[in-house]
Amino acid sequence: MTKSFFITMLVAILIGTVLGNFLFEQYKLESEAVIKEVNSTYFLMEGSYSTEEQAKKAVSNIEPYLIVKEDANYIVYLAITSSNDNLEKLKKMYKEEDINASIKKMSIENEEFLATLEQMDILLNKTKSNDEITSINEVVLANYQEFVLE
């Protein structure tokens, strides 16, 4: 009786471990998909250029901006946000300055940058003047360059 009891317990523990591991892997896959969706970030993009000199010339009268080499092109980013409301606010500000910007949606994995972006989005949501928006935007772009690009 004791021997059959221990064999039964061992089989039950083994089956529990296998099923538990399977369920954990399924949960992990689902949570990664949710995290990627939550980390969607909007980049306000001025344009794409074949050389860095062309990119700098295109934004000579715009501040702040960030030039990033992606593949064979130099992309000029004007703003980064994770909030739809802030995205509209930024688009409106640049449209008032006759700057046509397009939107690029990307997922960022850097948690340090995402935490900073969340705080800056809270500030940006409460600001009204273009000078304040520009100052916050400058900090976000600098943080993106520091935490993600370097």
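I looked up the packing of helix α4 (residues 111–126) against helix α5 (residues 130–149) in this predicted model. Their axes come within 10 Å and cross at roughly 175°; axes are lines fitted to C-alpha atoms, for helices over the stretch in contact, and angles run from 0 to 180 degrees between N-to-C directions. That makes α4 roughly antiparallel to α5 (over 145 degrees counts as such). Helices (H or I, at least four residues) and strands (E, at least two) are DSSP runs, numbered from the N terminus.

I then listed the contact residues (heavy atoms within 4.5 Å). From α4 I noted E112, F113, T116, L117, M120, L123 and L124; from α5, I133, I136, V139, V140, N143, Y144, F147 and V148. By class I have 12 nonpolar, two polar and one charged (Ala, Val, Leu, Ile, Met, Phe, Trp, Tyr, Cys and Pro are nonpolar, Asp, Glu, Lys and Arg charged, the others, Gly among them, polar).

Next, the sheet. I read the order of its four strands as β2-β3-β1-β4, open, with antiparallel pairing (two strands pair if DSSP finds at least two bridges between them). I noted an average twist of 45° from one strand to the next. β1 (residues 40–49) and β3 (residues 73–81) share seven bridges; M45 has Y77 of β3 as its bridge partner.

Last, I checked α5 against the sheet: α5 lies across β1, β2, β3 and β4, at about 125° to β3.

On numbering and method, residues count from 1 along each chain as its sequence is written, and side-chain values use heavy atoms, with hydrogens and water left out. As the model is predicted, local features need pLDDT of at least 70 and side-chain atom pairs count only at pLDDT 80 or more, while totals for chains, interfaces and linings use all residues.

Key
Angles under 35 degrees count as roughly parallel, over 145 as roughly antiparallel, 65 to 115 as roughly perpendicular and the rest as oblique.
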